[in-house]
Amino acid sequence: MTLEEVKEKFKQAYTRKWLEVVDEHEDEIFFNSSSGFMTKASSEDIRSYLDFEARRSTYIHKPFETCLSSKDHYEQMISSGNRYDPLLNIRRGEKITFGNPENDPVYVEISEASSDYKNYLRFNEYFIMRTLERLRMNGRHRRDDQTRDIGDYLYAPLTIKVIGLSETSPERLAEKSLEIIEGCLFNVSYLKGIALVLEEELPHRQVVGNDFKYEDHDFGTELPLPRSSVNRDVARFYQRGMVVEDAINQFLSYYQVLEYFFLSVSDEELYRKLTTIYNDPGFKSAPKYLDKVIQSTLNHKRESDETEMLRLVVSKHVPEEDIMQFISAYEEHLNEKLFTKKRKMFGEFTEVRLTAGHVIGNVSKRVKLIRNALVHSSDRYNRNENFVPTRQAELEIRKEVPLVKFLAEKVIISTAQ
């Protein structure tokens with residue numbers, strides 16, 4: 001890549017309605033903002049990127065889009081497991097090390113992303129957005145006669161780096177580095193009580209489930225008095241789902257609302273079957289007729305697995321048409337066929353058909369499948385079919401939460417007395 005090609009990339013990336021090119025030299029570009037402050041892409045910044053382009057081919061962007069790997073370098077974006085706490089309060093220039101850099105041939109470091117990492121992702125849409133946001137916000141605190149340097153505001157996430165390791169290929173180095181990193185993350189959790197998360201996807205703004213409102217009730221500050229009494233225990237599960245931030249706990253809290261009624265609804269179904277037998281005018285207390293009672297009871301026990309119990313609860317308390325309308329509205333909100341397109345989840349294919357007689361059974365099977373995957377980590381399942389709590393996996397679960405929340409709300413309302 002030539003110097004002129006690099007300059008063109010800088011101009012295309014950083015020119016905005018509020019920021020335009022006003023001058024350029026051999027290896028510098030000057031921008032002027034709508035609010036009057038000057039910004040430049042300095043010679044040092046442009047040539048740093050030009051130098052990186054000469055060695056870009058030595059890196060791969062695998063196995064995750066947040067990592068950078070060569071035969072002797074591996075680093076990956078890292079963040080705090082608690083979004084309310086800054087990651088270890090690390091400031092620019094500070095670092096945390098695992099091992100002794102002076103004595104250990106291989107050690108691990110958490111610090112600001114390396115120059116190569118920043119340059120590799122410099123023109124990623126999210127990185128450009130964050131850089132411009134920092135420039136716009138922080139630039140307000142500088143005098144108008146001072147020229148800002150884009151390089152000083154370049155988005156620089158924290159990364160974890162394995163230093164001193166070398167392998168025959170970037171793929172092999174990535175594999176070995178990740179083994180070391182996972183041990184380091186456990187050590188910092190165990191010894192310091194700090195949860196760190198390896199990011200596997202670059203941040204980007206996207207629609208998720210928790211911003212969806214199916215029925216937007218606007219009562220202002222005056223709410224109606226309840227017309228009936230809800231089950232207090234069930235309401236606690238629902239309220240817990242409302243206050244927890246974690247999508248897994250949200251899903252399980254709303255699921256517990258449904259699970260609460262498993263036995264009562266299942267027993268009602270058995271009572272209905274037995275009542276039909278007893279109400280038969282020809283019924284007698286003879287073995288032939290008593291066998292029907294015994295057989296119905298045994299069949300009920302065999303057939304009443306939890307998926308069937310869930311189906312019975314939903315069938316009794318949630319109108320089928322309401323479920324179909326909700327799913328249609330939610331998929332339109334997501335602009336995605338989340339439920340109605342056949343796809344594989346945790347080793348099983350799932351699809352919700354929005355037709356009468358199918359939707360409740362399909363929804364029940366899907367909800368129970370997700371619940372089992374979240375609760376069980378048994379070896380009876382293949383690892384690649386289990387739920388592993390990565391950021392991306394949790395985002396997928398978050399999309400599933402509104403449906404089980406909707407079912408829980410309908411059940412609570414239906415069972416109120």
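Leaving aside neighbours within four places in sequence, K11 is in contact with V21, E24, I29 and F31. This residue belongs to a model that is predicted. The chain has 417 residues, of which 42% count as buried, and its secondary structure comes to 14 helices and 12 strands. Among the contacts in the chain with a separation of 6 or more, 66% are between residues 24 or more positions apart.

**Residue K11**

- K11 is part of helix α1, which spans residues 3–14.
- The relative accessibility of K11 is 17%, and K11 therefore counts as buried, since the cut-off for a buried residue is under 20%.

**The open sheet**

- Four strands form an open sheet in the order β1-β2-β3-β8, and their pairing is mixed.
- The edges of this sheet are strand β1 (19–24) and strand β8 (147–149), each of which pairs on one side only.
- On average, neighbouring strands of the sheet are turned by 35° against each other, with direction ignored.
- Three bridges join strand β3 (residues 38–41) to β8, and these two strands run in the parallel sense.

**Strand β7 and its partners**

- Strand β7 covers residues 107–112 and is mostly covered, with five of its six residues buried.
- With strand β6 (residues 95–98), β7 pairs in the antiparallel sense, and the pairing holds four bridges.
- Residue T97 has E109 of β7 as its bridge partner.
- With strand β9 (residues 158–163), β7 also pairs in the antiparallel sense, here over six bridges.
- Opposite Y107 stands I163, a residue of β9.

*Helix α12 with α14*

- Helix α12 (residues 320–334) packs with helix α14 (residues 391–415) at an angle of about 150°, and their axes are 11 Å apart.
- Because angles over 145 degrees count as roughly antiparallel, α12 and α14 are roughly antiparallel to each other.
- The crossing formed by α12 and α14 is right-handed.
- On the α12 side, D322, I323, F326, I327 and Y330 take part, and they meet R398, K399, P402, L403, F406, L407 and K410 of α14.
- By class, this contact of α12 with α14 contains eight nonpolar residues, four charged residues and no polar ones.

*Helix α7 with α14*

- Helix α7 (residues 232–243) and α14 have axes that come within 11 Å and cross at roughly 150°.
- The helices α7 and α14 are therefore roughly antiparallel to each other.
- The crossing in which α7 passes α14 is left-handed.
- From α7, the residues V234, Y238 and M242 meet K405, E409 and I412 of α14.
- The contact of α7 with α14 divides into four nonpolar and two charged residues, with no polar residue.

- K11 of the predicted model lies in helix α1 and counts as buried.
- Strand β7 pairs in the antiparallel sense with β6 and with β9, whereas β3 and β8 pair in the parallel sense.
- Helix α14 is roughly antiparallel to α12 and roughly antiparallel to α7; the crossing with α12 is right-handed, and the crossing with α7 is left-handed.

Technical notes: Residues are numbered from 1 along each chain as its sequence is written. This is a predicted model: local features need pLDDT of at least 70, side-chain atom pairs count only at pLDDT 80 or more; totals for chains, interfaces and linings use all residues. Side-chain values use heavy atoms; hydrogens and water are left out. Buried means under 20% relative accessible area, exposed over 50%, partly exposed in between (1.4 Å probe, protein chains only). Two strands pair if DSSP finds at least two bridges between them. Axes are lines fitted to C-alpha atoms, for helices over the stretch in contact, and angles run from 0 to 180 degrees between N-to-C directions. Angles under 35 degrees count as roughly parallel, over 145 as roughly antiparallel, 65 to 115 as roughly perpendicular and the rest as oblique. A crossing is left-handed if the near helix is turned anticlockwise from the far one by less than a right angle, and right-handed if clockwise. Contact means heavy atoms within 4.5 Å. Ala, Val, Leu, Ile, Met, Phe, Trp, Tyr, Cys and Pro count as nonpolar, Asp, Glu, Lys and Arg as charged, and the others, Gly among them, as polar.
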